[in-house]
Amino acid sequence: MPDNNVSVTALSFTEYVMSGQRGRINIVSEQRGMYLASDTRVCGFYNPIRDAMRRAVNSTEPEIELKKAIMNANRTGQPRAFEEIADGFLPWLASFKATGVPVEGAAYRAGELTLKVRPHLGLRKKDGTTYAVLVHAKELPLTREAANVGLRILQHTVADTLPGAIPLVLDVRRGKAYQMPARTNLGKLDVLIAAEAMGYVTHWKLSGLFESVQVG
């Protein structure tokens with residue numbers, strides 16, 4: 001992927017937003033390593049448990065789907081991480097009472113940064129209300145600021161990913177779901193996203209320059 005076409009997932013971008021200034025360069029360097037890697041398995045640490053969650057939402061025994069992912073976890077740190085995710089997800093799913101529906105992918109452009117948006121879950125309640133859900137699976141708790149960024153990106157793309165759905169960001173290890181607060185100033189939030197996108201692209205390009213200097 002050339003540096004003049006910086007593209008990451010919406011979730012990776014929210015992780016950048018919540019990281020704080022000190023950790024941002026490290027996060028971008030790690031994400032460059034994942035997205036530019038020739039081996040796509042490098043960035044798939046949480047894929048098995050997310051796949052299990054998608055199966056679980058339409059299963060009469062969702063705990064079995066999560067248990068299969070835990071039993072098959074074979075990368076360092078996966079078993080413990082998957083267990084913590086299951087411990088947060090299963091009670092939340094039981095209380096949320098929804099079933100799965102298909103979602104599509106979309107893209108949102110913020111300056112020079114393209115954000116790839118594909119909700120990890122599409123959910124429908126008995127009354128027909130649907131939700132497009134991004135799932136934060138990492139150990140660090142999700143902040144409200146980062147959740148709002150993810151929610152706004154979902155709002156911008158929901159007509160393509162799951163028309164009519166309510167955006168939701170789930171901090172799955174803690175079983176805590178975020179929706180956009182009614183009084184949120186969306187204009188200011190869009191400005192924040194644009195500014196953070198500029199920062200991300202700058203960090204990305206400078207990380208690439210540093211890497212090329214090291215190689216040279």
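Threonine 157 belongs to helix α6, which spans residues 144–161. In this predicted model, threonine 157 has a relative accessibility of 2% and therefore counts as buried, the cut-off being under 20%. Aromatic pairs, nine in number, form a further topic, together with a charge placed over a ring.

**Surroundings of threonine 157**
- Leaving aside residues up to four places away in sequence, threonine 157 is in contact with Ala106, Ala107, Tyr108 and Val117.

**Aromatic pairs**
- The structure contains nine aromatic pairs.
- One of them joins phenylalanine 13 and tyrosine 16, with ring centres 6.4 Å apart and planes at 15 degrees to each other.
- This pair counts as stacked, because planes under 30 degrees apart fall into that class.
- Both phenylalanine 13 and tyrosine 16 are located in helix α1 (residues 10–18), where three residues, about one turn of the helix, separate them.
- Phenylalanine 13 is buried, because its relative accessibility is 0%.
- Tyrosine 16 has a relative accessible area of 1% and so is buried as well.
- Phe13 and Tyr16 belong to one aromatic cluster with Tyr200 and Trp204.

**Charge over a ring**
- Lysine 125 places its charged end over the ring of phenylalanine 96.
- The distance from this charged end to the centre of the phenylalanine 96 ring is 4.2 Å.

Conventions: Residues are numbered from 1 along each chain as its sequence is written. This is a predicted model: local features need pLDDT of at least 70, side-chain atom pairs count only at pLDDT 80 or more; totals for chains, interfaces and linings use all residues. Side-chain values use heavy atoms; hydrogens and water are left out. Helices (H or I, at least four residues) and strands (E, at least two) are DSSP runs, numbered from the N terminus. Buried means under 20% relative accessible area, exposed over 50%, partly exposed in between (1.4 Å probe, protein chains only). Contact means heavy atoms within 4.5 Å. Rings of Phe, Tyr and Trp (its six-membered ring) pair if their centres lie within 6.5 Å; planes under 30 degrees apart count as stacked, over 60 as edge-to-face and the rest as tilted. A charge sits over a ring if NZ of Lys or CZ of Arg is within 6 Å of the ring centre and within 35 degrees of the ring normal.
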